[in-house]
Amino acid sequence: MTETTHQPPTGSLRALTSLATWGALWRSGQCAPDDIVDALSDAADSHRITAADPAAAQALSLGAAETGTGSLLRMIRNSRCIRLLMPSPGDTCGIVASPALRGALDTGEILVLWPRGSETDGDEAYGLVARTVATDTVTWTAHHLGRVVPRPVESLASVEYDLRQGIRSAAELFTQLGSMDTPASAAGAPDLRTRLTELTARSHIDLPPHTSERVIRVIDQATQVAAIVDLVLERTPAFGLTSGAQSSGDHAVERLRSLTRMARMTAVNTIISESEQSLH
């Protein structure tokens with residue numbers, strides 16, 4: 001398998017999804033600010049926010065460095081639209097080359113905010129990149145992104161169909177992993193299942209209560225597939241002994257990674273979009 005990096009969701013993605021989903025519910029009057037604070041506290045005990053550039057500092061009213069969740073809530077309240085984007089080298093989600101994009105590619109996600117009134121400025125957007133810097137600390141960096149046009153949210157039904165196909169492919173990869181006679185897999189199937197359970201828990205994304213069963217199902221299925229991909233990347237330097245087998249394995253892993261990225265992004269943005277519609 002070709003060398004690649006992948007970071008499963010930990011505190012940073014939990015924090016981003018909590019802020020995005022609970023924030024959307026708050027803006028539509030479906031929850032209280034304390035609910036967002038509680039959700040962010042579950043993701044990490046400490047939150048630190050800084051602005052990467054003067055434009056972000058001015059537009060988002062950020063000081064040199066702030067601690068706590070107050071500024072995060074203020075940014076959500078003052079936004080007309082928010083989206084969770086998960087750019088990849090093959091799909092930057094409309095974000096141009098910038099420090100923000102490099103940070104988003106490194107962490108795998110960015111929360112994009114369009115402040116109220118930004119439609120008169122050509123859809124000027126700002127992005128929050130979150131990083132887990134310790135087991136109990138998430139740092140947030142706010143970037144000016146320039147003009148980013150909000151994309152329509154993908155069809156959840158289409159993503160769910162593709163995800164069902166992906167589950168079968170992931171199951172085949174897991175079966176191959178358990179049958180490979182290599183030092184990396186010598187621990188056997190029971191240990192592989194134990195590690196898979198650990199990775200699934202690590203990749204879990206918390207969603208607000210009353211989230212639709214369909215969204216929960218998509219998130220859960222994407223989490224299962226992502227955990228198998230993480231396990232494969234962790235345990236195997238290559239699929240098979242031939243270059244053809246290795247190429248096939250690489251292709252399968254990259255396709256599944258793209259699928260889980262799209263599924264998570266669509267599920268979270270479905271929650272946000274439905275909440276935003278109730279504002280109009």
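Here are some questions and answers about the pocket, cavity, core and one histidine of this predicted model.

User: Happy to start with the ground rules: which pLDDT do local features need here?

Analyst: Residues are numbered from 1 along each chain as its sequence is written, and side-chain values use heavy atoms, with hydrogens and water left out. In this predicted model, totals for chains, interfaces and linings use all residues, side-chain atom pairs count only at pLDDT 80 or more, and local features need pLDDT of at least 70.

User: Thanks! Which helix gives the most to the lining of the second largest pocket?

Analyst: A pocket is an open set of points on a 1 Å grid over the protein atoms alone, with protein on both sides within 12 Å along at least five of seven lines, and lining residues have an atom within 4 Å of a point. The second largest pocket has a volume of about 240 Å³, taken as the space filled by probe spheres set on points joined across faces, edges and corners. Its 13 lining residues include Leu25, Gln30, Pro209, His210 and Thr211, the closest to its centre. Helices are DSSP runs of H or I with at least four residues, numbered from the N terminus; α1 (11-27) and α9 (243-277) each supply at least two lining residues, and the one that gives the most, with three residues, is α9.

User: How many nonpolar residues are in the lining of the largest cavity?

Analyst: A cavity is a set of grid points where a 1.4 Å probe fits but cannot get out, and the largest cavity has a volume of about 170 Å³. Of its 15 lining residues, Leu85, Arg151, Pro152, Met265 and Asn269 are the closest to the centre. Ala, Val, Leu, Ile, Met, Phe, Trp, Tyr, Cys and Pro count as nonpolar, Asp, Glu, Lys and Arg as charged, and the others, Gly among them, as polar. The lining has two polar residues, three charged and, as nonpolar, 10.

User: Is His204 buried, partly exposed or exposed?

Analyst: His204 sits in the loop between α7 (189-202) and α8 (213-235). Buried means under 20% relative accessible area and exposed over 50%, with partly exposed in between (1.4 Å probe, protein chains only). Because its relative accessibility is 31%, His204 counts as partly exposed.

User: Leaving aside neighbours within four places in sequence, which residues is His204 in contact with?

Analyst: Contact means heavy atoms within 4.5 Å. Arg14 is 190 residues away from His204 in sequence, with 8.1 Å between their C-alpha atoms. Those neighbours aside, His204 is in contact with Arg14 and Thr223.
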